[in-house]
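Let me put the structure up and we'll walk through a few spots together.

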Amino acid sequence: QRDQYNLTIQAKDNGVPSLQATKSFTVKITDENDNHPHFSKPYYQVIVQENNTPGAYLLSVSARDPDLGLNGSVSYQIVPSQVRDMPVFTYVSINPNSGDIYALRSFNHEQTKAFEFKVLAKDGGNPSLQSNATVRVIVLDV
């Protein structure tokens with residue numbers, strides 16, 4: 001909630017006349033990587049017509065991490081899996097900074113009506129913390 005506090009301490013004696021002294025200092029609090037990234041939704045779905053243009057934008061995923069600095073910075077990656085015996089990386093890609101997902105090929109409804117994959121959100125802490133969400137792509141027949 002706060003990364004620093006400014007404190008002032010005053011010492012005073014009981015003499016006559018009373019004497020006193022003050023000392024001010026700053027206490028800086030370092031952030032501990034104690035929060036996982038949290039997706040805004042655990043499940044995302046997009047509907048795309050077949051014969052789409054390769055490189056077309058499909059959707060964005062989003063995760064937030066309340067930690068500060070690098071501990072709260074989030075990057076995205078697709079979890080390795082298979083779609084019709086092909087690596088998911090031949091179907092879609094993700095921008096690691098923004099969470100934007102793009103089609104890497106033209107989809108064909110007759111071959112693939114739908115497919116799912118997981119996206120991993122990872123923070124910049126050491127060690128890093130992570131979470132994942134599922135993305136489902138539905139391919140419409142044209």
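So, phenylalanine 25 sits in strand S2, residues 20-28; strands here are DSSP runs of E, at least two residues, while helices are H or I runs of at least four, all numbered from the N terminus. Before I go on: this is a predicted model, so local features need pLDDT of at least 70, side-chain atom pairs count only at pLDDT 80 or more, and totals for chains, interfaces and linings use all residues. Numbering runs from 1 along each chain as its sequence is written, and side-chain values use heavy atoms, leaving out hydrogens and water.

Back to phenylalanine 25: its relative accessible area is 34%, so we call it partly exposed, meaning between buried, under 20%, and exposed, over 50% (1.4 Å probe, protein chains only). Together with Tyr5, Leu7, Ile9 and Ile29, Phe25 makes a nonpolar surface patch of about 430 Å² accessible area. Patch members have over 30% relative accessible area and no salt bridge; nonpolar side chains are joined within 5 Å, like charges within 9 Å. Areas are Shrake-Rupley, with a 1.4 Å probe. Strand S1, residues 4-12, gives the largest share, 3 residues.

Note on methods. Salt bridge = Lys/Arg side-chain N within 4 Å of Asp/Glu carboxyl O.
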